[in-house]
Every structure is written in structure tokens, then in C-alpha cells.
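Student: Hi! Could you walk me through this structure while I have it open?
Tutor: Happy to, let's take a look together.

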Amino acid sequence: MESPALELDDIQHFLISRPPARTARYEFLTFRQPMAGRKWLSGIVDKVGIATQVGSNEPDSRWVSVAFTWNGLRALAVNEQSLDTFPEEFRQGMAARAEMLGTTGANHPQHWRGGLASPNLHAIVVLFARNVAERERCRVEHEKYLSECAGVEVLSSLDMEAIPPFTYAKEHFGYRDRLSQPVIEGTGDQTTPGSGPPIKAGEFFLGYPDEFDAQPALPQPEVLSRNGSYLAYLRLEEHVGEFRDFLRQHGETREEQELIAAKLMGRWRSGAPLTLAPQKDDPQLGADMQRTNNFDYGTMDPHGYGCPVGSHIRRMNPRDTGENVKRRKMIRRGGTYGPPLPEGAPEDFVERGIAAFVGCASLVRQFEFAMNVWVNDPKFKDLDNERDPFVGTQDGTFDMTIPKRPIRKTIKGLPAFTTVRGGAYFFLPGIRALRYLATLEDRSGC
Amino acid sequence: MATRPLPKEPKSEPKKPQIVEKPRTNDWTKPAAVAIPKEGYFTLEKGRYGPVFPRTPANYGFSVVAKVKPGREQAIRDYGKTIEEAVKGAPHVLAPLQLHYLRWILFDVGSGLHFMYQGIFDTDFDKYIEDAIELFNKTGITTVFTNLEGWPENWRTNVPAVSKFFREHQCPSFLEYGEYPYVSAHEVRKALTLKAAFSNMLDQMQ
């Protein structure tokens, strides 16, 4: 089926392309009255970034996105009949689905910060800014605007900052990030070798054919749902001191420590994939987008002697060894927060980590599958007792197997390198939908 | 032989559900049997689309029973041949289902013709239901289900409805037994591959 053209003038920029921002700020909002929420939205809708602006060389230095929880749509007075047409997982919200997602123990919503597990979480404003000064200018401006919108309050906020060097994306453990991202059919973007063909827009935006050439029923009314996407948000604290201690315990030399770090991730910290560089790091390979994704597992590394089957990248993108993988693709946005822990410094117990969104058309089929199966299923791919070493819920009872000749290495009782500090499901509406929400008639009587 | 009177059940209190200890040992050398509560699970554990059914000594399984639409018996029997040919042409075509065995049965015990889809597999079906639907699309296996009453018309896009059909038509076992309990198909294949390799090596050493 030939796909219709993407309505880029009606899609928020958020999932289409990544702006050149070094900082960001997330503000989590609650609406005390529907009218107040709609008034706030009316004033901000013209500032929301539209997909057509991406790559247009406009001299923007900040990019705004707005999304709502299901409770938020209700708080804006979307009627019950319409609310019922949204999928069950979105209606329930991430916190209610913690057991299935595997966010249990220390990762359980009862420990989440910033009011994210509360039904009073209604909306998020995501601000990407070119630099800290611009972010601060926008923060003050939004604070001033909120003071004019009685009944709209900030539950919590999170400031994001990229980690130096700014020549490439990197997270707190030191791994190069953003190496693998699906290309959306119809955007004109080119895939890199080994990344597979572009993915149908219906996998990310509502109202377009998906990889089944099907168009699932849209939540109603269509003006609210068309060109929208679902976002799963996760705030993941990274325990950098703990991670470095672990590497020292399992590697006597720097080289051995780097190899353990690479085996957990599936890539060296430079980004070079173990399948292509199994013995020694190759930073040039890691930085070369024409080469760094150009591999498979089935023919090049079937037993995981290079990249372990339980490593992070092999779980989160099993490539040719996964079934139906085109139906599991997601677009990741977000970045790092908190100050970097200098090399050699002891753990300072300051929170730092990744706060990211995954965008998709079906939370249950894409995000929840990834969390339930790829991340937290101890039996993934015939492993016996393992979870994703970075994103999985670890409590010291799971292992990590590193295939090796002649005898494999099994690390027993992997510690938790991360803790989930918050999460939520949002709906990222199209531009027309934002205007529809802003002008809803009030049926609540407020 | 001395007899003792049966203890009297309290009349006023409703009968509580039986609590059955979920077996924890996965020792394949010891045959194991387990009785399963009526609900089909020991404790309520949520999957993406509904309760997760437990792994037993006979692994995971389905016994889906549904009434056949009038006049569709031959169509169902014909699809037995379809699957035979599909597997002959591509032996690993059903691999995504992580199956040990499939048994398809047609029967009528006086309430109309029914179809039973019995499968033994290695993972709870909730985890891979979308992959199964994709497989149905590719192989035509699904046409068996379209001959059954209650199968959702929009199954291609409505995964929750397909999951609901399976859950509503699943008849949970109340006893499952494994002579070599909890062993996955992957482990069986691995053991047989190893045996074949050893056998080959011994032959060559003679």
C-alpha cells in the first residue's frame, strides 16, 4: 500500500527530528480547573514546534513540545465517550502497569519522584534549548506566563544538560549514545547501512498505514488523535560510582574493565559494536555512522562470542534474530541530567541519569513489549536468569552470561546500575488537536 | 480399621479459594506433577493483555476450545494439510511460537462441532501474541480461527480482541505432569545436537 504523505504541518517536531540543543527542561503540570488548562494551552500552542520547521534553517534557539496524560485530557474536559476510545494501557497510565513492565522493588512507582505516579500529573512541556542561557530565559518566561494562569501548577521539573564533549552524545557511564534510531518513511531521511529500511509512519503517528499496511481504529474524535503519538517517559538514575566499582571488581587492568563494560552494553564506550570489534576498541568505527550499525547477529555472531545475547543493545534491538522487529521500533528522545561524576571521584550520591521518551503508535505493542520481554524477561532468548544489565530491574539475584571460548563467564548477582525515578504515559497531539483541546466547550460546569 | 469423623465445614463462612504452592524447583531429572487452581494460575500476575498463565512441569500451554461455525468442518480439516505443507516448505516457519507440540482436534459431544487447539510451548503467550498474529498473516494458519465462532473480524489490527478470544476459550488444565519437567524445546535441541556430535566423534575415533 502506498503511504499517504506525512502531514508535517500538523505534526509536532518532537519525533521527526532532533534539534541542535545542548540543554532541555521538562515541566510536569497539573490543571486544577479545565478552563485554566485550556487557557494555558491557548497561550502556548503557537510556540509549539511544528515538524515543517525542522531543517528549515530557521534561527530558532528553543523548541517546545506539549503532551498530556489520559488524566490530563480528562482535566481539560474531553468527554468520557471520547476518553473511552483511547487504548487501555494509556488510560491506566504507566504507574498502574508497573508489575507487568517490571518496574518493581526499588523501581516501583511508590518511590518515584516529582509526583509522576500521581493522577494529578496532567501534562508535560518539553523545552529543548540551544544553551543554558536560552533555557533560563524560557523558564522565566513560562513562570511568568503560569502566574497569569491561576489553576495551572508545576508539579515538578527536571533540567537536562548534555555531557562534554559536545561533539557527540554521551551518557553518564561514558557510552556514546544515539547510534541507532529508526528512519520514518516519508521524511526523506536516509538509513545508515545495517539499519534496515525506513519504517512506515503508522508505527509512530496515528492515522497512517503501519507495517501491517493496516490503519488501527483512531481514538475519537479524529481531530484529537490524527497525527498524534504516544510517549513513554522514563527517568533513570545512573549509579556511576557503583558501575565503576563493579568494573574494577571484575577487571584487573583498564583493558579488562573496558571489555566488561563493552560486554554489558554490546558496544565499547566509543560506540564500536562488539560484533565488528570483538577483541579491541575501535573508536573510529564507533564514530562512523556508515559502519557502526552495519552488522547482524544471525550470521556474524550467532552464539554471542562477540556481543553477548543478554547485552543491552542485543536485547533492545535483536536485529535479524528477533521476530517481527519492524513492529517494535520506537523513536527515542531525551538526554542526560545531573552533573557528570569526574573520573576517579568517589560516589557523591547526587542524582544523575537519563530522562528519555520513546515515541510510538502503540504503547502496549512497542514500549510495553520492550520492557516486558526484551528488558525484564529473565528467559529472554533462552537465557536462564538474566535481565537487561542497564535498564532491567536488578536486585542482585540476576546474572550476566558472557559467552567465551573455551568456557563462558557468568557474573552472578549483577548489581543495579540504574534506578527508575519516574515514568508516565503521554499523548503528543498534532497541532490541530492542540487547538481543538484549547477550544473545547466546557462540559464540567466549572 | 479405625475411622474418624470428617471435620465439619463452617456453614457461615464462604469457601476460600484453595492456595496451591507454586513449584519452585526446575530439576529436569525429577519427574514432577502439579495441580493447578481453577482460575488457571497460582497468583494473579498481570501481562500486557491479561493474567499470565503459569509455567508448569509441562511448560506453558493452550487448550483453546471453540465452537465451529456451521459447515466449516472440511475447511478446518483442509488447513491441517496447509500447515503440513507450510512446515515441509519452511521447517522453521512456526519457530516464533516456541512450540514443542501442536494437537488439533475436532469433536462433538452433543453440543455441536468444536475445535480444540492444544499447544505446548515455552513462553506465556501474552509475550509474543503480536508475533503469532504476524505469523498467522504470513502462513494462513489464522484461517482455522476464522472458522470459529467468536473470532474477532478485525483480528489483524485488534490484538486485545484476539487475546480476549484466546483467554475466553482457554480451558486451563487442573493437572500437568512432566517426565523431564521444565525443559524447553531449545534445551532439547541443544542436548540432541550435543549427543549427535559426540556420537559422530566416537564413530570417527574407531
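Student: Let's start with the backbone. Where is Arg178(A) found?
Tutor: Arg178(A) is in the loop between S4 and H7 of chain A. Keep in mind that this is a predicted model.

Student: What is the phi of Arg178(A)?
Tutor: Its phi is positive, at about 60°, although Arg178(A) is not a glycine.

Student: Which loop holds Pro165(A)?
Tutor: Pro165(A) lies in the loop that runs between strand S4 (152–161) and helix H7 (222–225) of chain A. The peptide bond leading from Pro164(A) to Pro165(A) is cis, and its omega is near 0°.

Student: And the peptide bond from Arg405(A) to Pro406(A), is that cis or trans?
Tutor: That bond is cis, with omega near 0°. Pro406(A) belongs to the loop between strand S8 (400–402) and strand S9 (409–411) of chain A.

Student: OK, on to helix packing. At what angle do H8 and H9 of chain A pack?
Tutor: Helix H8 (residues 240–250) and helix H9 (residues 254–265) of chain A pack at about 120°, and their axes are 8 Å apart. Angles of 65 to 115 degrees count as roughly perpendicular and those over 145 as roughly antiparallel, so H8(A) is oblique to H9(A).

Student: Is the crossing of H8(A) and H9(A) left-handed or right-handed?
Tutor: H8(A) passes H9(A) in a right-handed crossing.

Student: Which residues make that contact?
Tutor: From H8(A) there are Phe243(A), Phe246(A), Leu247(A), Arg248(A) and His250(A). H9(A) brings Gln257(A), Ile260(A), Ala261(A) and Leu264(A). Sorted by class, the contact of H8(A) with H9(A) has 6 nonpolar, 2 polar and 1 charged residues.

Student: How about H1 and H13 of chain A, how far apart are their axes?
Tutor: The axes are 8 Å apart, and helix H1 (residues 34–44) packs against helix H13 (residues 431–438) of chain A at about 140°. That angle makes H1(A) oblique to H13(A). The crossing of this pair is left-handed.

Student: Which residues of H1(A) and H13(A) meet there?
Tutor: Arg38(A), Leu41(A) and Ser42(A) of H1(A) meet Leu434(A), Leu437(A) and Ala438(A) of H13(A). By class, the contact of H1(A) with H13(A) divides into 4 nonpolar, 1 polar and 1 charged.

Student: Switching to chain B. What is the angle between H2 and H4 there?
Tutor: Helix H2 (residues 129–139) and helix H4 (residues 159–169) of chain B pack at about 95°, with axes 10 Å apart. That makes H2(B) roughly perpendicular to H4(B).

Student: And what makes the contact between H2(B) and H4(B)?
Tutor: On the H2(B) side you'll find Ile129(B), Glu130(B), Ile133(B) and Phe136(B). Facing them from H4(B) are Val159(B), Val162(B), Ser163(B) and Phe166(B). The contact of H2(B) with H4(B) has 6 nonpolar, 1 polar and 1 charged residues.

Student: Now the interface. How many residues does each chain put into the contact?
Tutor: Chain B gives 20 residues and chain A gives 18 residues. The area buried between chain B and chain A is about 1700 Å², with carbon and sulfur atoms giving 52% of that.

Student: How many salt bridges are there between chain B and chain A?
Tutor: The count is 2 salt bridges. One to look at joins the side chains of Arg328(A) and Asp131(B), at 2.6 Å from N to O.

Conventions:
Residues numbered from 1 in each chain as written. Chains lettered and ligands numbered in written order. Predicted model: local features only at pLDDT ≥ 70, side-chain atom pairs only at ≥ 80, totals over all residues. Heavy atoms only, no water. Axes fitted to C-alpha atoms, helices over the stretch in contact; angles between N-to-C directions. Helix = DSSP H or I, 4+ residues; strand = E, 2+ residues; numbered from the N terminus. Parallel < 35°, antiparallel > 145°, perpendicular 65-115°, else oblique. Left-handed = near helix turned anticlockwise from the far one by under 90°. Contact = heavy atoms within 4.5 Å. Nonpolar A, V, L, I, M, F, W, Y, C, P; charged D, E, K, R; others polar. Buried area = accessible area lost by both parts, 1.4 Å probe. Salt bridge = Lys/Arg side-chain N within 4 Å of Asp/Glu carboxyl O.
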